[in-house]
Amino acid sequence: RSLLRCHSAWHHRMNLRGEFNDWGALPDVSMRMVNHFTWAANFTTDTFLKAKFVPGNGWSQSYGVHPTRKLLYGLPLFDPRSRDFEVEPYRSGAEASRRWMLERGFWSQHESIATA
């Protein structure tokens, strides 16, 4: 007997769609929920492919574009620390997802996904 887990999510399903399936012309890769608001799927490819996360049929909702974020609140120029002030980048999109999957054993260090 297996125990079913109940996780919270904004969507009842999530798919991976991209260049590998001609952006939905062929079946999407179905993902499974592995934690609250967290979906996973294993997908093997031998080349770089663009893809998006899609919670349903069509394109009314999709995720995967993460614009560059500038530092909104840097040090003022009159502060001498502003010359060499560095902020660790905010992890978002593909890198945040890759680290989460790696830390929980869903991916090896050689697996990832990139967003554009």
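A residue is called buried when its relative accessible area is under 20%, exposed when it is over 50%, and partly exposed in between, with a 1.4 Å probe and protein chains only. The structure is a predicted model, in which local features need pLDDT of at least 70 and side-chain atom pairs count only at pLDDT 80 or more, while totals for chains, interfaces and linings use all residues. Residues are numbered from 1 along each chain as its sequence is written, and side-chain values use heavy atoms, leaving out hydrogens and water.

**Strand pairing**

Strands (E, at least two residues) and helices (H or I, at least four) are DSSP runs numbered from the N terminus, and two strands pair if DSSP finds at least two bridges between them. S1 runs antiparallel to S2 and is joined to S2 by two bridges, with Ser30 of S2 as the bridge partner of Asn15. S1 also pairs with strand S5 (residues 51–54), in the antiparallel sense and over four bridges; here Gly18 has Ala51 as its bridge partner in S5. In a regular strand the side chains alternate between the two faces of the sheet.

**Loop residues with positive phi**

The loop between strand S1 (15–18) and strand S2 (29–30) contains Asp22, and Trp23 lies in the loop between S1 and S2 as well. Neither residue is a glycine, yet each has a positive phi.

| Residue | Phi | Relative accessible area |
|---|---|---|
| Asp22 | near 55 degrees | 54%, exposed |
| Trp23 | about 55 degrees | 31%, partly exposed |

**Cores and contacts**

A nonpolar core is a set of buried Ala, Val, Leu, Ile, Met, Phe, Trp, Tyr and Cys residues joined through side-chain atoms within 4.5 Å. The largest such core has eight residues in all, namely Met14, Leu16, Val29, Met31, Trp39, Ala41, Ala51 and Phe53. Apart from this core lies another, of five residues, among them Val34, Ala40, Trp100 and Trp107. In soluble globular proteins, nonpolar side chains tend to be buried together.

Contact means heavy atoms within 4.5 Å. When neighbours within four places in sequence are left aside, Ala41 is in contact with Val29, Ser30, Met31 and Trp107. His11, found in the segment before S1, counts as buried because its relative accessibility is 17%. Not counting residues up to four places away in sequence, His11 touches Met33, Trp39, Pro55, Gln61 and Tyr63.
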